[in-house]
Amino acid sequence: MSTQAPSRQEILDDAGESELSAVRTLVLRERGLGSLDEPLFAELSACEVLSLSNNLLSSLSPCSALRQLSVLNINFNRVSCLEPLAHCGQLRQLFATNNKVGSIAPLARCPLLATLSLFRNQLASLDSALEVLRRLPALVELDLASNPCALGPPYRHRLVRDLHLSTLDGDGLTELDRELASDFFPQPEAFPLRP
């Protein structure tokens, strides 16, 4: 297994294209990749689907050039920073389980994001996560299980109450889930009107 970035020819062979600008789908799974070639990725202007799962990547820097990117799979890597994805405004699905992500703030600039899987990362603050998640109107599938922020019963209830999800941590949500979430939090006391 190599830790070198894939060459132009390897990318073209994998994608079955003759020009990088024609590549729409690129699968570079299980290659032992430790880095990506920034100039080559800058030429992948039409890339919509990219799978980099099961590698050794710690930086997504080259992905900032992928303005058409719609689906990104970086499961099982060493990524800690999602900042390059702030430039990927077309992103609809992000699979980033088993990484070292500590903040999802850059994703606030991905308004089309509908599926977000961050199982087993290092997200510590539920408040910080919710601040970003509330700014993602298309979000319907979310997985934050096995993060420090997912500990304790308020976690599930807050996400169900505050977001319009259909699936949370792999479980489909029902109206009962929404009622339980609403009932979990104390209602403010109604003050009687004075005569």
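1. A nonpolar core is a set of buried Ala, Val, Leu, Ile, Met, Phe, Trp, Tyr and Cys residues joined through side-chain atoms within 4.5 Å. The model here is predicted. Its largest nonpolar core has 56 residues. Leu94 and Leu133 have the most contacts inside this core. H3 supplies the largest share, 5 residues.

2. Look next at Leu94. Leaving aside neighbours within four places in sequence, Leu94 is in contact with Leu72, Ile74, Leu82, Leu85, Leu107, Leu113, Thr115, Leu116 and Ser117. In soluble globular proteins, nonpolar side chains tend to be buried together.

3. The sheet is open and has 8 strands. The order runs S1-S2-S3-S4-S5-S6-S7-S8, and the pairing is mixed. S1 (25-27) and S8 (171-172) are the edge strands, each pairing on one side only. Inside the sheet, S5 (residues 115-117) and S6 (residues 141-143) pair in the parallel sense over 3 bridges. Leu116 stands opposite Leu142 in S6.

4. Ser51 sits in strand S2 (residues 49-51). Is Ser51 buried or exposed? Ser51 is buried, because its relative accessible area is 5%, under the 20% cut-off. Its side chain makes a polar contact with the side chain of Arg29, at 3.1 Å. Beyond four places in sequence, the contacts of Ser51 are Leu26, Val27, Leu28, Arg29 and Asn73.

5. Now the charged pairs. The count of salt bridges comes to 7. One joins Arg8 and Glu43, with the closest N and O atoms 2.7 Å apart. Arg8 lies in helix H1 and Glu43 in the loop between H2 and S2, so the pair ties together parts that are 35 residues apart in sequence. Both are partly exposed: Arg8 at 37% relative accessibility, Glu43 at 33%.

6. Arg156 and Asp177 also meet in a salt bridge, at 3.8 Å from N to O. This pair links distant parts of the chain, with Arg156 in helix H4 and Asp177 in helix H5 (residues 175-184), 21 residues apart. Arg156 is partly exposed, at 26% relative accessible area. Asp177 is buried, at 19%.

7. The side chains of Arg161 and Asp162 form a salt bridge at 2.7 Å, N to O. Arg161 is partly exposed, with a relative accessible area of 42%. Salt bridges with shared partners join Arg134, Arg161 and Asp162 into one network.

8. Pro153 is in the loop between S6 and H4. Pro153 is exposed, because its relative accessible area is 52%, over the 50% cut-off. Pro153 and Ala181 are 28 residues apart in sequence and 9.8 Å apart in space, C-alpha to C-alpha.

Notes: Residues are numbered from 1 along each chain as its sequence is written. This is a predicted model: local features need pLDDT of at least 70, side-chain atom pairs count only at pLDDT 80 or more; totals for chains, interfaces and linings use all residues. Side-chain values use heavy atoms; hydrogens and water are left out. Buried means under 20% relative accessible area, exposed over 50%, partly exposed in between (1.4 Å probe, protein chains only). Helices (H or I, at least four residues) and strands (E, at least two) are DSSP runs, numbered from the N terminus. Contact means heavy atoms within 4.5 Å. A polar contact is a pair of N or O atoms within 3.5 Å; within protein, one must be able to donate a hydrogen and the other to accept it, and residues adjacent in sequence count only if both atoms are side-chain atoms. Two strands pair if DSSP finds at least two bridges between them. A salt bridge is a side-chain nitrogen of Lys or Arg within 4 Å of a carboxyl oxygen of Asp or Glu.
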